Amino acid sequence: MLNFFAAAPKGFEYSLSNELKEFGATDVKESVAGVYFSAPIELAYRITLWSRLASRIVVVIYKGACESAEQLYNAAYAVDWPSHFSNQSTFGIDFHGTGGFINNTQFGALKIKDAVVDRFRDDGQERPDVERIHSDFRIDAHFRNNQLTMSINFSGPSLHQRGYRSTTGEAPLKENLAANMLARCGWQAKPIDLLDPFCGSGTVVIEAALMAADIAPGLQRARFGFEHWLQHDDQVWQDILQEAKARASLGKSRCNVKFYGSDIDSRMVALAKQNAENAGVADLIDFTVSDALEVTPPLETGFLVSNPPYGERLGSITELLQLYYQLGDKFKKDFGGWKIAMLCSDIELLSALKLKADKQMKMFNGALECGFNLYTLHAKSTRREAPVLPEGVDIADISPAFANRIKKNMKQLTKWAKKEGIDSYRIYDADLPEYNVAIDKYVDHVVIQEYSAPATIPEAVTKRRLTDVLLSLPAALGIDPELVTLKTRERQKGASQYQKLDEQKLEIITQEYNARFKLNLTGYLDTGLFLDHRLTRKLVGEKSAGKRVLNLFSYTGSASVHAALGGAKSVTTVDMSNTYLAWAKENFELNNLNVRQYKFEQANCIQWIKDCEEQFDLIFIDPPTFSNSKRMEDSWDVQRDHAALLVDLIKLLSPTGEIIFSNNKRKFKMDINLLGQYKMDVKNIDNQTLPMDYKRNPHIHNTWSITHAKSPYSS
């Protein structure tokens, strides 16, 4: 009796232990990402050939404490390696784990290699050669918590590699993951007709066909690890191989389960057909090219098992949610009487199906944690009798209060925006507390930004509400889902795949009164234009005629553009970011303004103010609330530092000039008394600068007009 460890991805342990028990293994014990078991050599061969779930099987030959490099060497040297493999065979070492005296796995592998070579030499034999990748014999070592386990790789290359794939690239869905899906959903125990409408390269239906036809998953593998093990019994192995071949021939002829695979990509369907041919099950599977939303159930009842697209496999999250919702609607209308099992890396996508799950499980696709949900759809006796299927629930009914508010807001704002001469504006600002988002319309596109939810609301509830917003918004606005972009500053998982900033640019041009600006809706957290400052920019433009204008913390230079279009004598634009200054120049060119006639300064604005010797008639400054940029010597806090900033800035203001000072800090308090001591008149002008589309959020910014104090003797 030998001791083994069967490795598998996390989440496979339960299924794998059951599989090993069914084979007849003893001492079966689940561990993290694998299962320990005992078996005689004949059963070990059978498990290696027939396991559909294991990734690797190793023979455990040593377990013990290991607290130093010397102990590691001695433990490896004590193993009688010449009894396990010949010095004519190459060998390699896979070392896993660090900690204690082992800083890296290469060190651990090197120590074992030295011990193995020395053992051969001390036994009077020539040393075997080391081959790091394609060796004949591999030693598997694990080190954890000062415990060392050494094993012989019994199975060889990963067992998920069945040998039927036509391409050698990494597959989105590994074969043993597909097998685990079939095991955990109950299909393997009771095979019935099966459909995968997102079949891709065919992995799920091919694995199912191999199961139903009693074909060993390892039957086409080119090699196994035990072939160069000196204790290998080739006769026993050949007998097991011949038995498996006979079972495959008989199983195929007796298989009465039908399999259907379809995909919208004809190239993937062609690849799936080739893979099925390689696996010897092509005649059992009906492959077609079809959109999943148009697939007709091939039978009255059956089992649908699939890994639909998600994240990188399709476009934006809004498109994905729409797809999943439509898919759920399709299932409810057409697949009554069917069982459904769906694997997805984001549980929120599965929630968009709007189906009640019988069971929810977790599975790992490599390092990616996935949700695996099971559903039972109740049969509808009239499903196949009605020539025209009834219409499903309107998608806006998912969150009718939210959809109705969006429609109401749009009705009010559309006419106003047209009259104002703008095509970018806020259409929703947390109007309903349970849908805590801000939604901005940029020309034909829509950008959603999620506010941080109160700590009292569970994260799952927050995610679900955001999902409902993304689902219902396109229908409420009557726009294509691909025109919706989600931006979020804090979410790190679940919806983190939704925020794919900097991966691609979505640039559009917006009109604001008499100015035009370039926006980037996906490349940055901010789009390049703060809509709440629209009236402030307009005010700057109206006050600029014939004046020397300075724009500090200029961002993309939108206020500078309004000043130039307003007839400013000169415009100086200052920002610390070269990226934003380049963007500002683009905005000037977009408005047919010659950038060579205006000044653009890349500098720390606070230091620039101290160094500047010019004077200006109109200064616009909109500093950040807080900054600790590496380009600044000290941090910046607008509440703490605004007075000192304005004391320096007033020196640059002409005697009759004006500073327009703004910031976005809630509960900001202007230090009027201190500024008064420096002979400044300060006036709040919030009522002039709050646009209609921000009336719900009057504290979005605060704006101040600052001038030199008038002499008591002036007329």
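The crossing of helices α3 and α4 is right-handed, a term used when the near helix is turned clockwise from the far one by less than a right angle. The structure is a predicted model, in which local features need pLDDT of at least 70 and side-chain atom pairs count only at pLDDT 80 or more, while totals for chains, interfaces and linings use all residues. Residues are numbered from 1 along each chain as its sequence is written, and side-chain values use heavy atoms, with hydrogens and water left out. Helices (H or I, at least four residues) and strands (E, at least two) are DSSP runs, numbered from the N terminus.

**Helices α3 and α4**
- The axes of α3 (residues 69–78) and α4 (residues 105–122) come within 8 Å and cross at roughly 45°; axes are lines fitted to C-alpha atoms, for helices over the stretch in contact, and angles run from 0 to 180 degrees between N-to-C directions.
- The two helices α3 and α4 are therefore oblique to each other, the class left when angles under 35 degrees count as roughly parallel, over 145 as roughly antiparallel and 65 to 115 as roughly perpendicular.
- Contact (heavy atoms within 4.5 Å) involves residues including L72 and Y73 of α3 and F107 and I112 of α4.

**Helices α2 and α7**
- Helix α7 (residues 234–254) packs with α2 at an angle of about 40°, the axes being 10 Å apart.
- This pair, α2 and α7, is therefore also oblique, and α2 passes α7 in a right-handed crossing.
- Among the residues that meet are Y45 and W50 in α2 and W237 and L241 in α7.

**Helix α1**
- In α1 (residues 13–23), the buried residues are E13, S15, L16, S17, E19 and L20, where buried means under 20% relative accessible area with a 1.4 Å probe, protein chains only.
- These buried residues of α1 pack against β1 (2–7), β2 (26–31), β3 (34–39), α2 (41–50) and α5 (175–184).

**The seven-stranded sheet**
- An open sheet with mixed pairing has seven strands in the order β23-β22-β21-β24-β27-β29-β28; two strands pair if DSSP finds at least two bridges between them.
- Strands β23 (599–602) and β28 (680–684) stand at the edges with a single partner strand each, so one side of each is left without a neighbour in the sheet.
- Strand β22 (residues 570–575) runs parallel to β23 and is joined to β23 by four bridges; the bridge partner of T573 in β23 is F600.
- Helix α15 (residues 578–590) lies across β22 and β23, running at about 165° to β23.

Definitions and conventions: Buried means under 20% relative accessible area, exposed over 50%, partly exposed in between (1.4 Å probe, protein chains only).
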